[in-house]
Structure formats: structure tokens, C-alpha cells
Amino acid sequence: MTSRIDARLLLERLAATRPPADPTRSWPADLAASLATELTPAAVLIPVFEREVGLTVLLTERSAALRHHAGQIAFPGGRMEAHDADVAMTALRETHEEVGIDPGQVAVAGYLQPMPTITGFAVTPVVGVVEPTAPITIDRTEVQEAFEVPLDFLLDAGNERKGQREYQGRRIPVVEFRYERFRIWGATAHMLRELRELVLKQ
């Protein structure tokens, strides 16, 4: 599959998206209550680079020593701090801390819907186009490795594997991607699926 999505079209397709007014109240109350008594706002950045081979998406392999989601494939991000003006600032700050990308080297393209996690966070994905020259310097206390996946690969539904898992008596559909030695699953895979729906819309 050839998506023919470039940075200009990505910005165009996401232009109408807006950050949530309250990221902790963007889904049914019964679902939120089943995940945690009080969800904590958080954000991740979906960093997109324009390379010679086309657009790529930066992901990280989290350190095995972390308390939450150790060893999993994720986007850089974390909880919202009191001094963060909005979820975009959270995503950019955490990205700078984890992989060294300066906020001034990122153009925010848009937002995906907030997603609750079983660890009690309400995570808003922020999509950003990163300057190709931005250096990657990972913080080894949080990130084991950073790697890029071609956006075309992630936009191809044929590369998606589907399944189900049980959570509190509910059967929940899950998806995952396998790229080289990496297994991209859970919330990260669902964010990529939502990104695909947005950027491939006609």
C-alpha cells in the first residue's frame, strides 16, 4: 500500500482537531469509574519526521526498571504537571525529557481523542511534525531505545493484527503491529489506529 501522505497533507487532515476541554471526562462515566476512582490527565507526543523514505513515526521502548508499562513500546509522554498550560505542553515537555527533542522543533499538527488506561491515566495523544534535524538523545532512566517506523507501514491495515482480551468481565478488542523485533500493542496501537482513520479520511 502507498498512502501518499506527506507532512502538508498530515497537517491538513488534523487541522480541525482540538485539545479536550477536560481529558478526564471524554468517555462514558461507567467506563471511567471502572478504571480508577480519579483519572490523572496525561499526554503523549506522536512525533512524525519527514525523511527521504517518507514520513516516519518515532516510538520508544520503555526502560525495564519503570513502575508502569516497563519494557513496552510507547510514545514519549507522561502525566500533566500543575505548571503545564495544556496537554500539548505536557507532551512536548515529556518528549524533551525522554528523547531530547526541543519543543521549538515540533509543530503541533493536531490531537486524538483522550484514552483511559488501566493504570488510571487519561492520555491525550498530540501529533507533532518534528524538524528532520532534531537530534534524539534518550534518557536511559526512562527509555531503553528509540526507533522510527514508516508511517506507510502503520497506515496499512494489512499490518494490523486483531484480537480480544478480558477486562473486568468485558471482552475488549485489541490490535497490535509487529515491526522488525518490536511488538506495538495496547494503548499505543489503538492511538495509531485512530491516527490512521484520521489521516486516510477522504
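Which side-chain oxygen reaches to the backbone nitrogen of Ala 88 at the start of H3? I looked, and it belongs to Asp 86, within 3.3 Å of that nitrogen.

A note on what I am reading: this is a predicted model, where local features need pLDDT of at least 70, side-chain atom pairs count only at pLDDT 80 or more, and totals for chains, interfaces and linings use all residues. Residues are numbered from 1 along each chain as its sequence is written, and side-chain values use heavy atoms, with hydrogens and water left out.

**Helix H3**

I followed H3 along residues 87–99 (helices are DSSP runs of H or I, at least four residues, and strands are E runs of at least two, numbered from the N terminus). I found 10 of its 13 residues buried (under 20% relative accessible area; exposed is over 50%, partly exposed in between, with a 1.4 Å probe and protein chains only). Among the buried ones are Leu 92, Arg 93 and Val 99. Just after the helix, Gly 100 takes a positive phi of about 80°.

**Glu 145**

Next I turned to strand S8 (residues 143–150), where Glu 145 is found. Glu 145 is partly exposed, at 26% relative accessible area. Its C-alpha atom is 9.3 Å from that of Val 99, 46 residues apart along the chain. Leaving aside neighbours within four places in sequence, I saw Glu 145 in contact with residues including Leu 59, Ile 138 and Phe 182 (heavy atoms within 4.5 Å).

How values were computed. Expected span 1.5 Å × (residues − 1). Polar contact = N/O pair within 3.5 Å; in protein donor to acceptor, adjacent residues only side chain to side chain.
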